[in-house]
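Student: I've got a model open and want to talk through how it's put together. Can we go question by question?

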Amino acid sequence: MITCLALSFLWIGAKQDDGVITKENGVYVVNTTTLATDVEGYIGNTPLKIYIQKNKIQKIEALRNQETPKYFAKIKKQLLGQWDGMTVKKAQKAQVDAVTGATMSSEAVKENVKRGLDYYQKHKK
């Protein structure tokens, strides 16, 4: 009985918060830090937080990374907002252009968005 109780606590704990997707006040937040550890831009990983409410992307926020600030600022300004307001399904199919001069970082961001949205579709409640 003690073993069953311990296992159920472990299962419940694992299901409540996996560190990738959280929900607060009707907004899902997908953090791609651990979803895309193999995806690198020019210098390193480009993790994001994707905010989704009522199956629409509210905003995408860049998390701390090692990319060149000058070029990553272009990505923040020109790329991240392109998914705002799209439904998740539309955003998954969207063909978004890379930022000139920051192609590798742009491609990494686009892959982070793809993985984050795929994860959301599989794990939303």
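Student: What share of the 125 residues in the protein is buried?
Tutor: This is a predicted model, so local features need pLDDT of at least 70, side-chain atom pairs count only at pLDDT 80 or more, and totals for chains, interfaces and linings use all residues. Residues are numbered from 1 along each chain as its sequence is written, and side-chain values use heavy atoms, with hydrogens and water left out. Buried means under 20% relative accessible area, exposed over 50%, and partly exposed in between (1.4 Å probe, protein chains only). On that scale, the buried share of the 125 residues is 36%.

Student: And how much of the accessible surface belongs to carbon and sulfur atoms?
Tutor: Accessible areas come from the Shrake-Rupley method with a 1.4 Å probe, and for residues only the protein chains shown count as cover. The protein's accessible surface comes to about 8100 Å². The part belonging to carbon and sulfur atoms is 54%.

Student: In what order do the elements run from the N terminus?
Tutor: Helices (H or I, at least four residues) and strands (E, at least two) are DSSP runs, numbered from the N terminus. The protein has four helices and four strands. Their order is α-β-β-β-β-α-α-α.

Student: Of the contacts between residues at least 6 apart in sequence, what percentage joins residues at least 24 apart?
Tutor: A contact here means heavy atoms within 4.5 Å. Take the pairs at least 6 apart in sequence, then ask which of them join residues at least 24 apart: that's 57%.

Student: What should helix H4 span at 1.5 Å a residue, and what is the distance between its end C-alpha atoms?
Tutor: The expected span is 1.5 Å times one less than the number of residues. H4 has 21 residues (103-123), so it should span 30 Å. The end C-alpha atoms agree with that, being 30 Å apart.

Student: Why do the buried residues of H4 line one face of the helix?
Tutor: The buried set is Ser105, Ser106, Ala108, Val109, Asn112, Val113, Gly116, Leu117, Tyr119 and Tyr120. Seen down the axis of H4, they fall within an arc, so they line one face. The arc is taken from the directions from the helix axis to the C-beta atoms, and its value for H4 is 170°.

Student: Which elements do those buried residues of H4 pack against?
Tutor: Both strands and helices are on the list. The strands are E1 (21-24), E2 (27-31), E3 (48-53) and E4 (56-62). The helices are H2 (69-78) and H3 (88-93).

Student: What does valine 109 touch, leaving out residues up to four places away in sequence?
Tutor: Valine 109 is among the buried residues of H4. With those sequence neighbours not counted, its contacts are Thr46, Leu48, Phe72, Ile75, Leu79 and Leu80.

Student: How many residues apart in helix H4 are arginine 115 and glutamate 111?
Tutor: Their side chains meet in a salt bridge (2.9 Å, N to O), meaning a side-chain nitrogen of Lys or Arg within 4 Å of a carboxyl oxygen of Asp or Glu. An α-helix has 3.6 residues a turn, so residues three or four places apart point the same way. Arginine 115 and glutamate 111 are separated by about one helical turn, and the number of residues is four.

Student: Which residues do salt bridges that share partners join into one network?
Tutor: Arginine 115 is partly exposed at 23%, and glutamate 111 is partly exposed at 26%. The network they belong to consists of Asp38, Glu111 and Arg115.
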